[in-house]
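Me: Could you walk me through how the inside of this protein is put together? I'd like to go question by question.

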Amino acid sequence: MIIFGHKNPDTDTICSAIVYSHLKMDLGVKAEAKRLGELNEETKFVLNYLGVDAPELIDNVSGESIILVDHNERTQTADGFEDAKVLEVIDHHRVANFNVSDPLYMRLEPVGCTATILFDMYKENNIKPCKKIAGLMLSAIISDTLLFKSPTCTPKDVVAGKELAEIAELNLEEYGLEMLKAGTNLSSKSEKELLNMDMKVFEVSDVKMAIAQVNSVNEEEMLSRKEKLLVEMNELLEAKQLTFVLFVITNILTNDSIGLVCGNNLEIVEKAFNEKVNDNEIVLKKVVSRKKQVVPPLTDAINAR
């Protein structure tokens with residue numbers, strides 16, 4: 001069987017796939033971690049720091065027995081999904097656009113990170129993770145909760161993070177900040193790469209939207225590339241037949257964001273955040289989480305039409 005997270009993988013998706021494959025092997029089940037896209041700078045830092053190889057890249061899972069981690073939506077998963085046998089889903093997101101023909105094991109919890117759930121599963125099986133696996137789970141939690149500052153962070157994530165830091169023998173604050181800053185090193189990325197680094201497509205009613213996000217310590221530097229980013233966003237809009245594209249630039253130091261937006265029905269975006277779109281920009285004060293602070297208000301605005 002193969003285990004993988006969503007397309008345009010982030011640190012939680014990659015780390016959780018590796019971690020769960022190791023847990024499966026510890027339990028006597030043959031499993032391999034895979035990935036559905038290129039690694040971002042933050043994830044590269046994590047794997048290099050911990051001395052862990054990246055999962056193999058795949059583009060189709062037709063005919064495979066599969067386990068999904070850190071996602072469940074059809075628009076975010078692998079090509080060939082309909083012709084694969086889904087065995088399990090381990091996730092911390094909403095459930096949407098997900099249909100399978102056979103019963104399966106699903107573990108969904110409203111926590112900040114998939115790795116938090118996996119750490120519970122280690123404990124339930126009376127297995128202590130090694131330093132590297134603990135480091136991977138810790139890194140995933142730091143990434144998804146922005147070092148416990150995101151509104152998605154729960155007390156359970158904090159407890160898990162602290163326990164994992166001890167097992168991994170890592171200084172939580174020092175390692176966490178170094179890791180997050182590594183993820184903001186985006187100067188070498190093209191506009192297309194920036195847009196696709198962490199982009200997810202969501203369908204709500206008759207609206208199909210792409211929401212991309214990058215972390216930064218200097219949003220002005222990112223906004224200096226605005227016109228080229230908008231060209232790529234409009235191409236994505238057309239290629240995927242989207243209603244609109246929202247590119248969220250999040251400052252990890254101030255915990256504020258700026259959104260670039262293009263497409264149709266932009267009144268949905270304005271209503272969701274109670275802000276006007278001005279020259280393709282929208283101010284997103286104290287917004288850092290796509291899962292909790294971007295998708296839910298957009299969903300509510302769409303359904304309220």
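Me: Which residues have the most contacts inside the largest nonpolar core?
Reply: Bear in mind this is a predicted model. The largest nonpolar core holds 51 residues. The ones with the most contacts inside that core are Y20, V46, L136, M137, L138, I142 and Y175.

Me: Skipping neighbours within four places in sequence, what is Y20 in contact with?
Reply: Y20 is one of the residues with the most contacts inside the largest core. With those sequence neighbours set aside, its partners are I3, I67, V69, E88, I90, L118 and M121.

Me: How many residues are in the other core?
Reply: There's another core lying apart from the largest one. A210, L223, M233 and I249 are among its members. Its residue count is 23.

Me: Are α1 and α4 roughly parallel or antiparallel?
Reply: Their axes sit 9 Å apart, and the packing angle is about 150°. Angles over 145 degrees count as roughly antiparallel. So α1 relative to α4 is roughly antiparallel.

Me: How many residues of the contact of α1 with α4 are nonpolar?
Reply: On the α1 side you've got T11, D12, C15, I18, V19 and H22, meeting I133, L136, M137, S139, A140, S143 and D144 in α4. Four of the contact residues are polar and two are charged, while the nonpolar ones number seven.

Conventions:
Residues numbered from 1 in each chain as written. Predicted model: local features only at pLDDT ≥ 70, side-chain atom pairs only at ≥ 80, totals over all residues. Heavy atoms only, no water. Core = buried A, V, L, I, M, F, W, Y, C linked by side-chain atoms within 4.5 Å. Buried < 20%, exposed > 50% of the residue type's maximum accessible area, 1.4 Å probe, protein only. Contact = heavy atoms within 4.5 Å. Axes fitted to C-alpha atoms, helices over the stretch in contact; angles between N-to-C directions. Helix = DSSP H or I, 4+ residues; strand = E, 2+ residues; numbered from the N terminus. Parallel < 35°, antiparallel > 145°, perpendicular 65-115°, else oblique. Nonpolar A, V, L, I, M, F, W, Y, C, P; charged D, E, K, R; others polar.
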